[in-house]
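These are my notebook entries, written while I looked up one structure piece by piece. I set down each thing I looked for and what I found.

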Amino acid sequence: MRDAKNPVRARHLKHLGLYVFRREALLEFPTFPHGELERIEQLEQLRWMENGYKIRVAEVEFDSVSVDMPEDIAKVEKLIRSPG
C-alpha cells in the first residue's frame, strides 16, 4: 500500500454546489481550452479558474439533500412538507 507508513490525515468537506452564471459567461465557456488541472481532476470548475474567472466558496454548518436523479425530488418534497 502506498504511503502506509505515513498515512495522510486530512479534514474532508462535502461539496454542495450552487452554480450561478451570467449568460455571456455561459456562451463563452465552450470556447475555453481545457487546462491541465481540469484534465487531472475532471472538474469543469477548474476550466473557469484556468481561464481567469474567480469562483467563490463558503463553508456552511448544515447539510443538504442531493438531487441528482428525478427520483431524488420526492425526498426533497417530503422534507419540505415535514414539520421542523
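Where does L18 lie? I found L18 in the segment before helix 1, where helices are DSSP runs of H or I with at least four residues, strands are runs of E with at least two, and both are numbered from the N terminus. Before going on, I noted that this is a predicted model, in which local features need pLDDT of at least 70 and side-chain atom pairs count only at pLDDT 80 or more, while totals for chains, interfaces and linings use all residues. I also noted that residues are numbered from 1 along each chain as its sequence is written, and that side-chain values use heavy atoms, with hydrogens and water left out.

I looked up the accessibility of L18 and wrote it down as exposed, because its relative accessible area is 75%; the cut-offs are under 20% for buried, over 50% for exposed and in between for partly exposed, with a 1.4 Å probe and protein chains only. I then took the pair L18 and V57, which are 39 residues apart in sequence and 9.7 Å apart in space, from C-alpha to C-alpha.

**Entry on the largest pocket**

I sorted the lining into 17 nonpolar, 4 polar and 6 charged residues, where Ala, Val, Leu, Ile, Met, Phe, Trp, Tyr, Cys and Pro count as nonpolar, Asp, Glu, Lys and Arg as charged, and the others, Gly among them, as polar. Helix 3, residues 45-50, gives the largest share of this lining, with 4 residues.

**Entry on salt bridges**

How many salt bridges does a search of the whole structure find? It finds 4, and a salt bridge here is a side-chain nitrogen of Lys or Arg within 4 Å of a carboxyl oxygen of Asp or Glu.

One of them joins E59 and R11, whose closest N and O atoms are 2.7 Å apart. This pair links distant parts of the chain, as E59 is in the loop between helix 3 and helix 4, R11 is in the segment before helix 1, and the two are 48 residues apart. I marked E59 as exposed because its relative accessibility is 58%, and R11 as exposed because its value is 64%.

Another salt bridge joins the side chains of R39 and E36, at 2.6 Å from N to O. Both residues lie in helix 2, 3 residues apart, which I recorded as about one turn of the helix. R39 is exposed at 51% relative accessible area, whereas E36 is partly exposed at 46%.

I also looked up K75 and D72, whose side chains meet in a salt bridge at 3.2 Å, N to O. K75 and D72 are both in helix 4, again 3 residues apart and about one turn of the helix. Is D72 buried or exposed? D72 counts as buried, because its relative accessibility is 9%, while K75 is partly exposed at 46%.

**Entry on Q42**

Next I checked the backbone of Q42, which has a positive phi of about 60° although it is not a glycine. For background I wrote that most residues other than glycine have a negative phi. Q42 is placed in the loop between helix 2 (36-41) and helix 3, and I noted Q42 as exposed, with a relative accessible area of 61%.

Last, I looked up N6, which is in the segment before helix 1 (23-28) and is exposed at 60% relative accessible area. N6 and L27 are 21 residues apart in sequence and 46 Å apart in space, C-alpha to C-alpha. A58 is found in the loop between helix 3 and helix 4, and A58 is exposed with a relative accessible area of 70%.
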